[in-house]
Amino acid sequence: MSNSRRLLLLTALAFVAPLGFATETAVDNYKTYCVQCHGLQGNGNGINIRDMSVQPRDHTDAKAMSGRSDDQLFKVIKEGGPSIDKSVLMPRWGGVLSDDEIRDMVRYLRTLCKCQFGS
Amino acid sequence: MTGRIFLVSVFAAVLWPSLVLADAGSAILSKDCVGCHNLKGPAPQTLKELWERQGPDLFYAGNKYRQTWIVEWLQKPQRIRPAGEFYGQHIQSGAGGKDVIDTSTLKPHMALSKEEATSVAAELEKLRPHDDLIAKEKVSVAPISKQMGEMVFDKFQGCLACHTIEANYGGLSGPELYTAGRRLQPEYIASYIRNPQAWDPKSWMPNKHVSDANIQKLVNYIEVLSTESRNVK
């Protein structure tokens with residue numbers, strides 16, 4: 001690697017590093033944080049649901065999921081159920097996922113329901 | 001000269017047992033435990049590292065556990081996390097698309113003799129990199145009724161989704177909490193509820209932004225649960 005190349009790389013790294021923790025893919029974040037309640041298939045059947053008074057949303061349910069705009073999905077993931085008058089059993093993930101990761105997550109949810117807002 | 005020798009041997013006689021004990025503890029840890037437990041830190045920084053975790057991190061054991069509990073548990077280990085560690089490695093889709101825990105992948109924990117357990121616990125007690133987080137917590141003992149505690153735990157905060165509060169009641173992705181009062185130091189309980197990510201950046205317990213007053217209630221509730229489960233046993 002030439003010196004100027006190396007310098008370029010270092011400069012690039014300097015811009016990336018301050019963003020803090022590594023960005024993870026939506027699939028991996030879903031597996032880690034959402035599957036415990038929403039299930040391996042995203043159908044709302046995670047290992048935690050037996051004694052939950054409100055059941056997790058079935059993310060493959062196109063009818064229910066198309067009733068939510070991307071902004072609403074973003075909000076409920078970042079700020080939790082109560083932010084859209086839903087159950088406190090849906091936690092807020094703001095401290096765990098970055099805004100970029102939440103935006104990726106919304107796109108991923110759209111692939112699970114194979115739906116868009118209003119469709 | 002003879003006086004010196006005498007002094008040295010007195011010293012040795014007094015110090016020797018504790019030195020041997022500690023040495024035995026660290027020898028066991030580095031031989032039998034490092035394969036599954038992180039004893040040096042830091043906690044996983046990426047999800048890949050998190051998924052590879054074979055057992056809970058022990059590098060802050062001195063900030064976390066009650067030493068007497070470690071000695072007891074290591075002689076007679078019993079399951080604490082219904083879905084093991086990392087939970088994602090121990091679940092599968094079952095009948096009707098409902099997830100189930102694959103218990104065949106959950107192995108019993110190795111047991112130690114009383115002497116081994118005592119020396120290991122003494123060694124773990126020294127691991128205290130998070131004294132700073134512990135020092136921030138002030139837990140005051142205030143009795144709370146089981147009903148009131150459960151109200152906060154379940155209805156207001158939604159903790160029941162991931163934790164059991166009695167055998168077979170509650171969520172399964174987090175450790176059982178009806179024994180946590182015996183297992184954990186109260187300041188650790190408070191600190192982990194306040195900010196799980198301060199201890200474990202990739203933890204799948206979210207920060208619930210619990211108020212100070214409710215943290216106190218929850219810590220006292222968890223204590224109540226553990227005295228009760230002790231009486232039952």
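Because the model is predicted, local features need pLDDT of at least 70 and side-chain atom pairs count only at pLDDT 80 or more, while totals for chains, interfaces and linings use all residues. Residues are numbered from 1 along each chain as its sequence is written, chains are lettered from A and ligands numbered from 1 in the order in which they are written, and side-chain values use heavy atoms, with hydrogens and water left out.

## Chain A at a glance

Let's start with chain A, which has five helices and zero strands. Its pattern along the sequence reads α-α-α-α-α. Helices here are DSSP runs of H or I with at least four residues, strands are runs of E with at least two, and both are numbered from the N terminus. Chain A has 119 residues, and 41% of these count as buried. Buried means under 20% relative accessible area, exposed means over 50%, and partly exposed lies in between (1.4 Å probe, protein chains only).

## The nonpolar core

A nonpolar core is a set of buried Ala, Val, Leu, Ile, Met, Phe, Trp, Tyr and Cys residues joined through side-chain atoms within 4.5 Å. The largest one has 46 residues, and B:Leu124 and B:Phe153 have the most contacts inside it. Several helices of chain B give two or more residues to this core, among them helix 1 (2-33), helix 5 (114-125) and helix 7. The largest share, six residues, comes from helix 11 of chain B. The core also draws at least three residues from each of domain 1 (15-76 + 111-129) and domain 2 (130-233) of chain B; these domain bounds come from an automatic or database domain assignment.

Helix 5 of chain B also holds B:Ser119. This serine is buried, because its relative accessibility is 2%. B:Ser119 and B:Asp23 are 96 residues apart in sequence, yet their C-alpha atoms are 8.0 Å apart in space.

What makes up the nonpolar surface patch of about 280 Å²? The patch is made by B:Met148, B:Met151 and B:Phe156. Patches are made of residues with over 30% relative accessible area and no salt bridge; like charges are joined within 9 Å and nonpolar side chains (Val, Leu, Ile, Met, Phe, Trp, Tyr) within 5 Å. A salt bridge, in turn, is a side-chain nitrogen of Lys or Arg within 4 Å of a carboxyl oxygen of Asp or Glu. Accessible areas come from the Shrake-Rupley method with a 1.4 Å probe, and for residues only the protein chains shown count as cover. B:Met151 belongs to helix 7 (residues 146-156) of chain B, and its relative accessible area of 39% makes this methionine partly exposed.

## The cysteines

How many disulfides does a search of the whole structure find? There is one over all chains, where a disulfide is a pair of cysteine sulfur atoms within 2.5 Å. The partners are A:Cys113 and A:Cys115, with sulfur atoms 2.1 Å apart. The torsion about their S-S bond is about -85°, so this disulfide is left-handed. In chain B, by contrast, B:Cys33 is in no disulfide, and the nearest cysteine sulfur, that of B:Cys36, is 8.8 Å away. B:Cys36 is likewise in no disulfide.

| Cysteine | Relative accessible area | Class |
|---|---|---|
| A:Cys113 | 4% | buried |
| A:Cys115 | 5% | buried |
| B:Cys33 | 13% | buried |
| B:Cys36 | 42% | partly exposed |

A:Lys114 has a positive phi of about 50° although it is not a glycine. This lysine lies in the segment after helix 5 of chain A and is exposed at 75% relative accessibility. A:Asp85, also not a glycine, has a positive phi near 60°. It lies in the loop between helix 4 (70-79) and helix 5 (99-113) of chain A, and at 74% relative accessibility A:Asp85 counts as exposed.

One joins B:Gly41 and B:Pro42, with omega about -5°; B:Pro42 is in the loop between helix 1 and helix 2 (47-51) of chain B. Another joins B:Glu85 and B:Phe86, with omega about -10°. B:Phe86 is in the loop between helix 4 and strand 1 (91-93) of chain B.
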